[in-house]
Amino acid sequence: MASVLPVIFILVIVLGLMACGFLFVPKGPNQTTIRSAIMLTLASCYLMWMITYMAQLHPLITPYCKECYPDDEIHFVPL
């Protein structure tokens, strides 16, 4: 359960930054473009971080250690 807390914490920070980007962009002809760029950048960075973080916590391929076992068989180390 501890692995979910950083994901939620960073999500709250990113949502706060998105709200600030939405509210504090100066008015002008490019206001919508600037808002969209800020929000897409923050969303993309968050998704990349979250996917990398979760992949490190829950790998799809189980790591194994050849040096731990001298015989020819590959033994998987349990997670």
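Which residues does Tyr 46 touch, not counting residues up to four places away in sequence? Tyr 46 touches Val 7, Ile 10, Leu 11 and Val 14, where contact means heavy atoms within 4.5 Å. The rest of the structure puts these contacts in context.

This is a predicted model, in which local features need pLDDT of at least 70 and side-chain atom pairs count only at pLDDT 80 or more, while totals for chains, interfaces and linings use all residues. Residues are numbered from 1 along each chain as its sequence is written, and side-chain values use heavy atoms, with hydrogens and water left out.

The protein has two helices and zero strands; these are DSSP runs numbered from the N terminus, with helices being H or I of at least four residues and strands E of at least two. Of its 79 residues, 13% are buried, meaning under 20% relative accessible area, against over 50% for exposed and in between for partly exposed (1.4 Å probe, protein chains only). The protein exposes about 6,600 Å², and carbon and sulfur atoms supply 73% of that area, computed by the Shrake-Rupley method with a 1.4 Å probe. Among contacts between residues at least 6 apart in sequence, 44% join residues at least 24 apart.

Helix α1 covers residues 4-23. Its 20 residues reach 29 Å from first C-alpha to last, close to the expected 28 Å, which is 1.5 Å times one less than the number of residues. Val 7, Val 14, Met 18 and Gly 21 are buried in α1. Seen down the axis of α1, the buried residues fall within an arc of 60°, so they line one face of the helix; the arc is that of the directions from the helix axis to the C-beta atoms. These buried residues pack against α2. The face turned away from the buried side carries the exposed residues Leu 5, Phe 9, Val 12 and Leu 23.

The largest nonpolar core consists of Val 7, Val 14, Met 18, Leu 42 and Tyr 46. Such a core is a set of buried Ala, Val, Leu, Ile, Met, Phe, Trp, Tyr and Cys residues joined through side-chain atoms within 4.5 Å. Its largest share, three residues, comes from α1.

Gln 31 lies in helix α2 (residues 31-57). Gln 31 is buried, with a relative accessible area of 17%. Leaving aside neighbours within four places in sequence, Gln 31 is in contact with Val 25 and Pro 26.

An unreviewed UniProt entry places the feature "transmembrane region" at residues 6-25 and 37-55; such annotations may be inferred rather than shown by experiment. In the model, residues 6-25 are 90% helix, and residues 37-55 are 100% helix.
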